[in-house]
Amino acid sequence: MTSPFVTRDGSKWMPDYLTFIDGKTCIGCGRCFKVCSREVMHLYGVDDAGEILGVCDDEDDFDGELNRMIMVVDHAGRCIGCGACARVCPKNCQTHLAADNAEA
Ligand code: SF4
Ligand code: SF4
């Protein structure tokens, strides 16, 4: 099947959507967030037990319960599949899905 996705010059382009970040291996470095223009993911705090506490804007959040921060894909539908986040991730903890395999 011919890809319906093309660039301005008509070249074929297959978006590769970010669908998931593995919280066990993510180090919360923030690199993916910095390169993303679409606000697809955000940093979340995690406690000692590995439970997600919520969106984390500051290391002082959550009254001392914060153990570490991880990136969470909380607005997957905003992703345009540019692939920038995958290029900068040092931990290979992201899962992407090619547009021709994504549900509408
Ligand atoms: S693929 Fe592009 S738009 Fe999607 S989350 Fe990564 S950087 Fe953002
Ligand atoms: S770049 Fe990778 S390791 Fe860093 S916050 Fe994003 S998903 Fe986590």
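Strand E2 (residues 41-46) pairs with E3 in the antiparallel sense over three bridges; two strands pair if DSSP finds at least two bridges between them. The model is predicted: local features need pLDDT of at least 70, side-chain atom pairs count only at pLDDT 80 or more, and totals for chains, interfaces and linings use all residues. Residues are numbered from 1 along each chain as its sequence is written, while chains are lettered from A and ligands numbered from 1 in the order in which they are written.

**The sheet**
- Three strands form an open, antiparallel sheet in the order E3-E2-E4.
- Strand E3 (52-55) and strand E4 (68-73) are the edge strands, each pairing on one side only.

**The chain**
- The protein chain holds two helices and five strands, which are DSSP runs numbered from the N terminus (helices: H or I, at least four residues; strands: E, at least two).
- From the N terminus on, the order of elements is β-α-β-β-β-α-β.
- The C-alpha trace spans about 55 × 20 × 20 Å along its principal axes.

**The ligands**
- A residue counts as near a ligand if its C-beta atom, placed from the backbone, lies within 6 Å of that molecule.
- Around ligand 2 there are 15 residues, of which Cys26, Cys29, Cys32, Met71 and Cys89 come nearest.
- The residues around ligand 1 include Leu18, Arg38, Cys79, Cys82 and Cys85.
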